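Please look over the sequence and the model shown below. The paragraphs that follow go through a few of its local contacts, its aromatic pairs and one of its sheets.

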Amino acid sequence: VVYADNVFERLYPASTTKIMTALVALKYGNLSDTVTVSADALNLEEGSSVCYLKEGDQLTLEQCLYGLLIKSGNDAANALAEHVGGSVENFAEMMNQKAQELGCENTHFVNPTGLHDENHYTSARDLYKIARAAMEIPELREIVGTASVQLAPTNMHPQQTTITTTNHLISRFRNANYYYKGALGIETGTTTPAGYCLVGGATDGDLEYISVVLGGVQDDNGDITCYTATRTLFDYAKDHYSYEAIVTENTPVQEMPVRFAAGKERTVLVASDDFMRLIADGTDLEDIRFEVSAGSTVDA
């Protein structure tokens with residue numbers, strides 16, 4: 001962890017919830033599944049973010065995931081929940097089970113959309129765990145990094161449907177001020193109680209960073225602070241940290257006794273590979289201490 005502030009505080013996640021929705025949908029479903037959209041799935045609060053699904057729509061689970069994570073579609077979230085869990089309520093319990101599996105300690109979900117509910121909350125640390133798990137799945141990784149996509153026609157949409165991301169880190173289409181070179185996504189969220197929320201990802205050479213900013217506002221200058229804070233965090237990490245070899249290959253690390261070896265009672269253990277760690281720039285490697293875990297003796 002490069003930087004942390006109030007990471008265990010329970011906060012409302014808004015649509016960043018949908019990262020967990022996608023994880024559970026892929027855990028129990030397949031990309032090629034046919035998802036049928038019900039009337040209940042479209043029973044949403046006025047002004048909800050949608051990806052234009054219609055009652056009776058039949059589309060693949062993969063198409064639903066694109067609508068979920070690119071357009072932040074609440075209609076896609078409910079359709080996935082009903083398809084995988086049988087009901088929104090049952091799916092929410094599946095989300096909570098997955099949260100426990102990931103070691104989340106301050107998280108409870110009641111819906112797949114992130115629409116406000118006092119019992120629907122998480123923390124920055126827990127949301128990081130969820131996002132990291134999602135970014136380890138190639139299909140989700142590709143989707144959250146997609147700025148725009150054309151969904152294939154369905155039985156209710158005879159033409160292709162174009163959807164664009166809500167994430168300004170990876171697209172200049174809606175707002176060019178927050179575009180960030182090397183950004184990987186991941187998911188946005190906004191409600192009045194939650195504020196502006198952003199789970200972001202970015203690369204720096206071989207390194208990848210995930211940031212979670214919850215409770216952002218639009219300041220007096222009109223800047224959305226979850227974006228400005230995320231960009232600042234990524235710049236800070238890139239400017240102040242690097243991956244370094246703490247111990248290099250073949251470096252002696254410990255001397256061990258050897259049993260039953262005539263004329264050689266002790267031997268030296270060396271590192272089989274470079275031992276890499278993320279460290280702050282300017283750190284004196286001589287000041288770094290490490291422990292070697294090895295058996296008490298070496299058999300000849």
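A polar atom of the side chain of Ser-48 lies 2.8 Å from the backbone oxygen of Glu-45. This falls under the term polar contact, a pair of N or O atoms within 3.5 Å; within protein, one must be able to donate a hydrogen and the other to accept it, and residues adjacent in sequence count only if both atoms are side-chain atoms. The model is predicted: local features need pLDDT of at least 70, side-chain atom pairs count only at pLDDT 80 or more, and totals for chains, interfaces and linings use all residues. Residues are numbered from 1 along each chain as its sequence is written, and side-chain values use heavy atoms, with hydrogens and water left out.

Ser-48 belongs to the loop between β1 (34–36) and β2 (58–60). Helices (H or I, at least four residues) and strands (E, at least two) are DSSP runs, numbered from the N terminus. Is Ser-48 buried or exposed? Its relative accessibility is 17%, so Ser-48 counts as buried; the term means under 20% relative accessible area, while exposed means over 50% and partly exposed in between (1.4 Å probe, protein chains only). Not counting residues up to four places away in sequence, Ser-48 touches Asn-74 and Leu-115, where contact means heavy atoms within 4.5 Å.

Another loop residue is Asp-274, found between β10 (266–270) and β11 (275–280). With a relative accessible area of 43%, Asp-274 is partly exposed. Its side chain reaches the backbone nitrogen of Glu-249 at 2.7 Å. Neighbours within four places in sequence aside, the contacts of Asp-274 are Ala-245, Val-247, Thr-248 and Glu-249. From Asp-274 to Val-110 the C-alpha to C-alpha distance is 46 Å, and the two are 164 residues apart in sequence.

The aromatic residues come next. A pair of aromatic rings is described by the distance of the centres and the angle of the planes. Rings of Phe, Tyr and Trp (its six-membered ring) pair if their centres lie within 6.5 Å; planes under 30 degrees apart count as stacked, over 60 as edge-to-face and the rest as tilted. How many aromatic pairs does the structure hold? There are three. One of them is the stacked pair of Tyr-178 and Tyr-227, with 4.9 Å centre to centre and 20° between the planes. Tyr-178 lies in the loop between β4 (161–164) and β5 (183–191) and Tyr-227 in helix α7 (residues 225–240), so this pair ties together parts that are 49 residues apart in sequence. Tyr-178 is buried, at a relative accessible area of 4%, and Tyr-227 counts as buried at 4% relative accessibility. Tyr-236 and Tyr-241 form an edge-to-face pair, 6.1 Å centre to centre and with 65° between the planes. Here Tyr-236 counts as partly exposed, at 33% relative accessibility, whereas Tyr-241 counts as buried at 18%.

A ring also takes part in a contact with a charge. The charged end of Arg-172 sits over the ring of Tyr-179, 3.8 Å from its centre. The criterion is NZ of Lys or CZ of Arg within 6 Å of the ring centre and within 35 degrees of the ring normal.

Turn now to the sheet. Three strands form an open sheet in the order β5-β6-β7, and the pairing is antiparallel; two strands pair if DSSP finds at least two bridges between them. β5 and β7 (207–216) are the edge strands, each pairing on one side only. From one strand to the next the twist averages 5°. Axes are lines fitted to C-alpha atoms, for helices over the stretch in contact, and angles run from 0 to 180 degrees between N-to-C directions.

β5 and β6 are joined by eight bridges and form a hairpin with three residues between them. Glu-187 stands opposite Val-199 in β6. Eight bridges also join β6 (residues 195–204) to β7. Ala-202 stands opposite Tyr-209 in β7, and the bridge partner of Thr-203 in β7 is Glu-208. The hairpin of β6 and β7 has two residues between the strands, and Gly-205 in it takes a positive phi near 65°.

β6 is mostly covered, with seven of its 10 residues buried.
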